[in-house]
Amino acid sequence: MLLRHPALHAFDFDAAIVDLDGTMVDTLGDFSAALGGMLADLRLPAIAAASIEAMVGKGSEHLIRSVLAHVGVADIEAVYAQAWERYQHHYLAINGQHARVYDGVCEGLEALRAQGLRLACLTNKPLSFAQPLLAAKGLDGLFEQVFGGDSFERKKPDPLPLIKTCEALGTAPARTLMIGDSSNDAKAARAAGCPVVLVDYGYNHGEPVQGVDADAYLGSLVELTATTPALSD
């Protein structure tokens, strides 16, 4: 459910920056399949999807290292290069096949575009993974810009990716809404000077999203329309 925030009004924004995993698309099935293939190739124990969920959100490098640690690899760096190669191989082969677009995402983004907002997708997922996924799910045409975790020198929660995305859109951070699902998104937005709303159905490293400092919490992106009383009153 959206929480009212007196400073948050739909017409106050020129653009929105939208996270991908856990915000627009539930990709846990893809992560599980790709990591399962990687671990099998390395002859390492399998990992449950529930364990993977808490590791998602800080980029593929962090995800792979976290999974290797979880299954008991003592010298992670010794196997990391091979693990990354096998993970990339499996992920690109199944990208989007085990993922689904969350309810209300397409409608919510179309409504924002109808209100004149410019849209960018900003994810910590590698760009070579993000672009095919957006295309596979029919979301690519909604965004003027798409940036991945390897598009800039640093990833969220560093503010640099948001600042650079605002520059690419030609919008001021204060008038650019960040839409995400985790503390990474919120911390980056706060540091960049962007208002931020978080969906309550995403990953957030396994923690309740309501504990994160944000301007509002959403049950669906359709709550971001101009006709929503919580945003337009």
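Aspartate 158 has a relative accessible area of 22%, so it counts as partly exposed. Keep in mind that this is a predicted model. The partner of aspartate 158 is arginine 154, and their side chains form a salt bridge with an N to O distance of 2.9 Å. Arginine 154 is partly exposed too, at 39% relative accessible area. Elsewhere, Asp19, Lys156 and Asp185 belong to one network, joined by salt bridges that share partners.

How many salt bridges are there in the whole structure? The search finds 15.

One of them pairs arginine 175 with aspartate 14, at 2.6 Å from N to O. Arginine 175 is partly exposed at 33% relative accessibility, and aspartate 14 is partly exposed at 30%.

Next, lysine 125 and aspartate 21. Their closest N and O atoms are 3.2 Å apart, and they form a salt bridge. Lysine 125 is in the loop between strand S4 (118-122) and helix H6 (127-136), and aspartate 21 is in the loop between S1 and strand S2 (25-26), so the pair links parts 104 residues apart in sequence.

Are these two residues, lysine 125 and aspartate 21, buried or exposed? Lysine 125 is buried, at 4% relative accessibility. Aspartate 21 is at 10%, which is under the 20% cut-off, so aspartate 21 counts as buried.

Notes
Residues numbered from 1 in each chain as written. Predicted model: local features only at pLDDT ≥ 70, side-chain atom pairs only at ≥ 80, totals over all residues. Heavy atoms only, no water. Salt bridge = Lys/Arg side-chain N within 4 Å of Asp/Glu carboxyl O. Buried < 20%, exposed > 50% of the residue type's maximum accessible area, 1.4 Å probe, protein only. Helix = DSSP H or I, 4+ residues; strand = E, 2+ residues; numbered from the N terminus.
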